[in-house]
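Hi there,

Here is the structure I promised to pass on to you. Have a look at it first, and then read my notes on what I found.

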Amino acid sequence: MADIQERIAGQFPEATFDTSDVLTVEIPDSKLHALARFLRDELRFDFLVTIVGMDWVEKMGCIYYLQSTSDHSRIAIKATTADRENPMLHSIADLWHIAGIFEREVYDFFGIVFIGNPDMRRLFLSIDWKGYPLRKDYDPSLNPVPTENERQSDFTDTYVEHSDGKVVKEQARVFEEDDFVVNIGPQHPATHGVLRFRTAVDGETIRKIDVYMGYIHRGIEKICEGLTYPQTLHFMDRMDYFSAHNYHHGLCMTIEQAAGIEVSRRVQVIRVIMDELSRIASHCLFIGTFCMDLGATTMLFYTLRVREQILDIMDKTCGARMTFNYETIGGVMQDLHPDFVKDVKELLAVLPANLKEYDKLFTGNVITRNRMEGVGKMSREDAITWSVTGPSGRASGWACDIRKTHPYSIYPELDFEQVVMHEGDAMARFKVRMKEIEESAKIIAQLIDNIPEGEIQAKVAKVLKLPVGHWFRTVEGCRGAFGIYLESDGTVNPYRLKIVPPCLPAAAAVDHLTRGQKIADLITIGGSLDYIVPDMDR
Amino acid sequence: MEVTTKSMPYEAWKDNEYIESLVNELKENGTNVIVGSFDKLINWGRSNSIWPLTFATSCCGIEFVSLGAARFDMARFGWEVARSSPRQADFIMVAGTIVHRMAPVLRRLYDQLAEPKYVIATGSCAVSGGPFKKSYHVVMGVDKIIPVDVYLPGCPPRPEAMIYAIMQLSRKMKVERFFGGVNRKEKQQEFLKEHPVEGVED
């Protein structure tokens, strides 16, 4: 890292460095784009993990987290502006496709305008929303429950910088003037929640999709700023409710590392088993709902059989079928149920037969193959520039499993394969998940017979305060890399808790993947990406 | 009058006072023998084949999927299949959080349901905002937008609880007056007038 720091300092003498967590380079806004390009092209930080919008009251700004897809190292860029009235930064949307969407999110929450972003609209909130909710001085009484239908605009704003440095707001069309636009959603059974696509079609062929999110935006990040650290945990269950354990694990791990809490080996093992059980249950439901989207309704009943078996195991130990709230800071809520080991072994015993059955019923089916093979092809480059991680990214040949690239907990000791396929189509995304079920079962089989004895809860202060600082951690959720950015000002509440959901990029990539495809394939492509709308909307 | 459904013993229900007061209220003006008998017949059919709308915004929706699958199997009670079009459904199970942006959409869905229509507020979010009480974008209970017949708490409620809630709804339907009873419709109109959402009149 010291070498990288030297190279950046050589190119950008105005840069300052902070090495307390991930190496963070602070740069004036004017050099932001040049630095981002330098990092992407020269230093191979080619994956934009997220953009964290920040309001530090005296200034506002963004932190860009980048990652290298070759050696997996991370770096962060920080750019700020002191202007609260008209905060502006330069856009990097031309370097990464996904940056355009991330910047819209920051604009929506903080009102920071990105010069050069071709589409500067709100992302989650409606067009007539007043104020910017994640600013520290936001007044919630400005926006009562709407009593009118949402206003719709066919235009978007762009901010263009002229050669004399003056920034001019310009209007642009979202669709072409003669496009035929069909509305799909938010109430549509195949959008997996409440997601809305405005789809421009030419006969049966899709020309462009404009994705509208925010129909389940619950403002979790803002609520967390008013809660203590243990109170923030339960929201992790309610975003991607299939990855409840994994997300909990992620936030607990971040807080534990920030507070310097050691967790016992027993807790680590329990957490990893729970994560992998969640993954199996999640992928089973994916197979079921995806097949149902394609018309194979019966598959849902087959896959839910395994899922119910897992939910029963969870029910006995955690006391709930969903939203478990099981992991705590420094441990887990209760010890394992006496039947746990027996139940899990029973599950592992029936799993191979079930997977074989799925293959027999669905995977080899000629209709399935016709509908899925070659549909919605995503190249490795596309996956990286759209930041589509998780099984969907791995189906495009991008080895991006956080359990391997940034190993956490006891994953380094475990023997499992990272499932990577290269076709990049809907079939590959389906098959990767099928194989991941086997890999997860392999992990559980290694652990289930030797769960060590020990404490299930480390000693944690009753009133937990984190030292001043910031931390960025990722874990592998069921749908991809789940990140937590935590900034503390030394009090009992987080100053900022930014959640990096894996489903947001997946939904954003739908537009790119469906262009030129048939409208019936939209369902296949959307289903195979397996996004969960409450996860992307937070 | 002991109102029950699906062979549940009357004592097993939790809130018999409510259903008794509802029955008394309806009986206040007496019942026509002929219309009353038709009511009973029609309500017997109606209350045993209520079909939900496929409507889910978040976690509760997944439990609703489980409810439809083989283990809990709502079809065995006559609730058969979830319909994707509001025109074909009898009730909305509001499964999940309703946020500001979704509120007019939900109201429009409600308006598109064919009469007689019912609403079950499923889960703490739909009942009162639940864990998102402090949010800037969450509607604190769907009864701010549409009239609710049954409140079902839980986060999310187990499928068994959902079965119980739909049974409560079918019990309510059993005592209603289908022919003579305009009371329900009037109450609905009153509610909708008090909670206007412009531009979504059906």
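Before the notes, one definition: two residues are in contact if their C-beta atoms, placed from the backbone, lie within 7 Å. Please also keep in mind that this is a predicted model.

**Where the chains meet**

**Chain B by itself**

Chain B has seven helices and four strands. If you follow chain B along the sequence, the pattern reads α-α-β-α-β-α-β-α-β-α-α. Of the 202 residues in chain B, 44% are buried. Take the contacts in chain B between residues at least 6 apart in sequence: 80% of them join residues at least 24 apart.

**Two domains in chain A**

The domain assignment of chain A gives domain 1 (1-141) and domain 2 (227-501). Their C-alpha centres lie 28 Å apart. Domain 1 and domain 2 of chain A each put 16 residues into the contact between them. On the domain 1 side, strand E3 (47-55) and helix H3 (97-110) of chain A are the elements that give two or more residues. The largest share of that side, six residues, comes from E3(A). By class, the domain 1 side has nine nonpolar, five polar and two charged residues.

**A sheet in chain A**

E3(A) also belongs to an open sheet of five strands, in the order E1-E2-E5-E4-E3 (chain A), with mixed pairing. Which strands are at the edges? They are strand E1 (16-18) and E3 of chain A, each of which pairs on one side only. From one strand to the next, the twist averages 25°.

E1(A) runs antiparallel to strand E2 (residues 24-26) of chain A, and three bridges join them. You can find Asp18(A) opposite Thr24(A) in E2(A). Helix H2 (residues 29-41) of chain A packs on the sheet, where it touches E2, strand E4 (60-67) and strand E5 (74-81) of chain A. The direction of H2(A) makes about 165° with that of E5(A). H3(A) lies across E3 and E4 of chain A and runs at about 10° to E3(A).

**A hairpin and a helix to compare**

Next, look at strand E8 (residues 155-161) and E9(A), which are antiparallel and joined by seven bridges. Thr156(A) stands opposite Ala172(A) in E9(A). E8(A) and E9(A) form a hairpin with five residues between them, and Gly165(A) in the turn has a positive phi of about 90°. How many of the seven residues of strand E9 (residues 167-173) of chain A are buried? The count is zero, and E9(A) is hardly covered.

Now turn to helix H17 (residues 519-529) of chain A: eight of its 11 residues are buried, so H17(A) is largely enclosed by the rest of the structure. Among the buried residues of H17(A) are Asp521(A), Leu522(A) and Leu529(A). After H17(A) comes Asp530(A), which has a positive phi near 60°.

Enjoy exploring!

Best wishes

Technical notes: Residues are numbered from 1 along each chain as its sequence is written. Chains are lettered from A and ligands numbered from 1 in the order in which they are written. This is a predicted model: local features need pLDDT of at least 70, side-chain atom pairs count only at pLDDT 80 or more; totals for chains, interfaces and linings use all residues. A residue is buried if 20 or more other C-beta atoms lie within 10 Å of its own, exposed if 12 or fewer, and partly exposed in between; C-beta atoms are placed from the backbone. Domain bounds come from an automatic or database domain assignment. Ala, Val, Leu, Ile, Met, Phe, Trp, Tyr, Cys and Pro count as nonpolar, Asp, Glu, Lys and Arg as charged, and the others, Gly among them, as polar. Two strands pair if DSSP finds at least two bridges between them. Axes are lines fitted to C-alpha atoms, for helices over the stretch in contact, and angles run from 0 to 180 degrees between N-to-C directions.
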